[in-house]
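Here is a short briefing on one protein structure. Look at the sequence and the model, then work through the points below.

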Amino acid sequence: MNLKWSYWVYKNAVAPSVCEKIKNLLDKSKKSLGTVGGKSHKKKELFEFRKSHVAFRSDPFLYRIIHPFINDANKQAGWNFQWDTSEQCQLTKYSKGQYYNWHMDAWPEPYSKGAYKGKIRKLSSVLVLNNADEYEGGKLEFSFEQGHDKLKIESPKFMESAGSLVVFPSFVWHRVKHVTKGTRFSLTNWHLGKPYV
């Protein structure tokens with residue numbers, strides 16, 4: 001699928017005080033190692049792809065904050081994807097030495113059971129919860145094919161400040177580079193709809 005815009009960024013979309021409130025939810029939540037492909041793996045195998053700690057929340061105020069931006073980005077970027085629900089929000093903590101290698105959020109098949117049965121991930125969003133002067137590394141990057149056998153890697157501008165938000169199609173390849181100092185916090189969410197026709 002050719003896209004004019006592969007991601008859409010909002011600088012300082014959410015107030016720092018709200019970001020702090022969201023970040024504090026981590027202290028009240030059960031944290032676990034992030035998984036790959038929705039499955040648990042042996043640590044050695046998992047750490048080839050991802051090393052971070054996550055917690056999942058469904059607090060209604062999180063969706064009230066995020067959903068208007070998903071709707072706006074979907075329209076402004078010209079994707080116009082049908083979507084009608086969101087998964088649990090993932091709070092992610094990347095400490096020194098942690099990362100998430102190249103991946104996309106879309107699954108190869110629609111969900112086969114549960115509340116999301118028959119739906120696919122269409123849009124992803126990442127809200128930055130702390131300023132880049134609190135950590136080093138940890139840059140979010142996107143990868144795109146640029147002609148034959150060439151890859152273009154981009155890091156969205158304005159993603160260094162707490163409250164900045166990026167929305168992108170869930171089939172776009174992305175990664176979080178190793179954090180080399182401090183801690184990076186983010187809120188990730190996936191927005192689902194009917195399979196493409």
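Contact here means heavy atoms within 4.5 Å. Helices (H or I, at least four residues) and strands (E, at least two) are DSSP runs, numbered from the N terminus. The model is predicted: local features need pLDDT of at least 70, side-chain atom pairs count only at pLDDT 80 or more, and totals for chains, interfaces and linings use all residues. Residues are numbered from 1 along each chain as its sequence is written, and side-chain values use heavy atoms, with hydrogens and water left out.

**Two helices**
- Val18, Lys21 and Ile22 in α1 meet Phe61, Leu62 and Ile65 in α3.
- Two packed helices are described by the angle between their axes and the distance between the axes.
- Axes are lines fitted to C-alpha atoms, for helices over the stretch in contact, and angles run from 0 to 180 degrees between N-to-C directions.
- The α1 and α3 axes come within 12 Å and cross at roughly 140°.
- That makes α1 oblique to α3. Angles under 35 degrees count as roughly parallel, over 145 as roughly antiparallel, 65 to 115 as roughly perpendicular and the rest as oblique.

**Nonpolar cores**
- A nonpolar core is a set of buried Ala, Val, Leu, Ile, Met, Phe, Trp, Tyr and Cys residues joined through side-chain atoms within 4.5 Å.
- Buried means under 20% relative accessible area, exposed over 50%, and partly exposed in between (1.4 Å probe, protein chains only).
- The largest core has 29 residues, and Ile22, Trp79, Leu127, Leu129, Val167 and Leu187 touch the most other members.
- Elements giving two or more residues to this core include α1 (16-24), α3 (60-76) and β12 (165-169).
- Helix α3 gives the most, with seven residues.
- Beyond its neighbours within four places in sequence, Val167 contacts residues including Tyr7, Phe69, Trp79 and Leu123.
- A second, separate core has 15 residues, among them Val126, Leu140, Phe168 and Val176.

**An open sheet**
- Five strands form an open sheet in the order β3-β7-β13-β10-β11, with antiparallel pairing. Two strands pair if DSSP finds at least two bridges between them.
- β3 (50-51) and β11 (151-154) are the edge strands; each has a single partner strand, so one side of each has no neighbour in the sheet.
- β10 (residues 140-145) pairs with β11 over four bridges.
- Ser143 has Ile153 in β11 as its bridge partner.

**A loop residue**
- Glu109 sits in the loop between β7 (99-103) and β8.
- Glu109 counts as exposed, at 57% relative accessibility.
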